[in-house]
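These are my notes from an afternoon of looking things up.

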Amino acid sequence: IRPLVLGEIEGEYCFASETPSLDLIGATYLREVEPGEMVVIDGNGLRSRQISSSSFTAKCIFETFYFGRPDSILFGRNLHLVRKEIGKEMARGHPIEADLVIGVPDSGISSAIGYAEESGIPYDVGIVRNHYVGRTFIQPTQLDRELGVKKKLSPIREVIAGKRLVVIDDSIVRGTTSRKIVSLLKSGGAKTVNMLISSPPIVSPCYYGIDIPTREELISASHTVEETRQQILADYLGYLSVDGLHKALKAEDREFCDACFTRNYPIKPA
């Protein structure tokens, strides 16, 4: 489910969750460790053995559009190019009359570029991120999350004032972050804020290592798209479909775990 990559530096082997870690230390990327594979490194060198096998894999689809760095090669794919294709898929599914496309930093930027390329609407930087603030949806309290958004993001008023915006973000979890983003953009003078999400609605928790909250806290589990749009104060709200996400990833059948969108858990929770 979680990714693991193998690298080599000066005759030694190393492992990381993402390929940029290998780049940082000057290691050469060799390959990904396969699901069910055991890799052993000892005085005799490196050897591997497939200790379990299955007719399908369950690679975390959340890694592709949110957690992974855009310069990562993850599950055999460059994530920047994957996210651009996601943006193009959204442009085909959600054509909008607008003046400008912007991405919510950082994981919405590549998809925003893809949307702009496919739609012909200009792309620009309309929001700046403070890189000293971490992920907001995994903060412990509601107040922490709201303060985190204010400290993390700032609109560029001279870019967005009077503009009809297409705003690309990676996901909506509770809805509070999206509401703050829409409010920031409108307070910065945006004429309309059309929010597009580069993933399907999150309707179910993750039990495999991502801190997605309980079903009761997930706004999409209990609200329609229109109800969510009203909650976050957007002029339009659209999501990428599950099929659209798999299409953008050029995914093989049953390659990815998408249980947070479909409730179809590859390993049933206890």
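Entry 1. Which helix holds both Arg229 and Glu226, and how many residues apart are they? I found both in helix α9 (residues 225–232), three residues apart, about one turn of the helix. Helices here are DSSP runs of H or I with at least four residues, strands are runs of E with at least two, and both are numbered from the N terminus.

A note on the source: this is a predicted model, in which local features need pLDDT of at least 70 and side-chain atom pairs count only at pLDDT 80 or more, while totals for chains, interfaces and linings use all residues. Residues are numbered from 1 along each chain as its sequence is written, and side-chain values use heavy atoms, with hydrogens and water left out.

Entry 2. I looked up how the two side chains meet: Arg229 and Glu226 form a salt bridge, 2.8 Å from N to O. The term means a side-chain nitrogen of Lys or Arg within 4 Å of a carboxyl oxygen of Asp or Glu. Arg229 is partly exposed at 22% relative accessibility, and Glu226 is partly exposed at 39%. For this label, buried means under 20% relative accessible area, exposed means over 50%, and partly exposed lies in between (1.4 Å probe, protein chains only).

Entry 3. I searched the whole structure and got 17 salt bridges. One of them joins Arg92 to Glu89, with the closest N and O atoms 3.0 Å apart. These two are separated by about one helical turn, because they sit three residues apart in helix α3 (residues 79–93). Glu89 is buried at 14%, whereas Arg92 is partly exposed at 41%.

Entry 4. I also noted Asp42 and Arg47, whose closest N and O atoms are 2.7 Å apart in a salt bridge. Asp42 is partly exposed at 33%, as is Arg47 at 44%.

Entry 5. Next I turned to nonpolar cores, meaning sets of buried Ala, Val, Leu, Ile, Met, Phe, Trp, Tyr and Cys residues joined through side-chain atoms within 4.5 Å. Which members of the largest core touch the most others? I got Phe62 and Tyr115, out of 41 residues. Helix α3 gives the most to this core, with five residues.

Entry 6. I listed the contacts (heavy atoms within 4.5 Å) of Phe62. Leaving out residues up to four places away in sequence, Phe62 touches Phe67, Ser171, Ile202, Ile210, Ile212 and Cys260. A second, separate core has 22 residues, among them Val104, Ile160, Val182 and Leu237.
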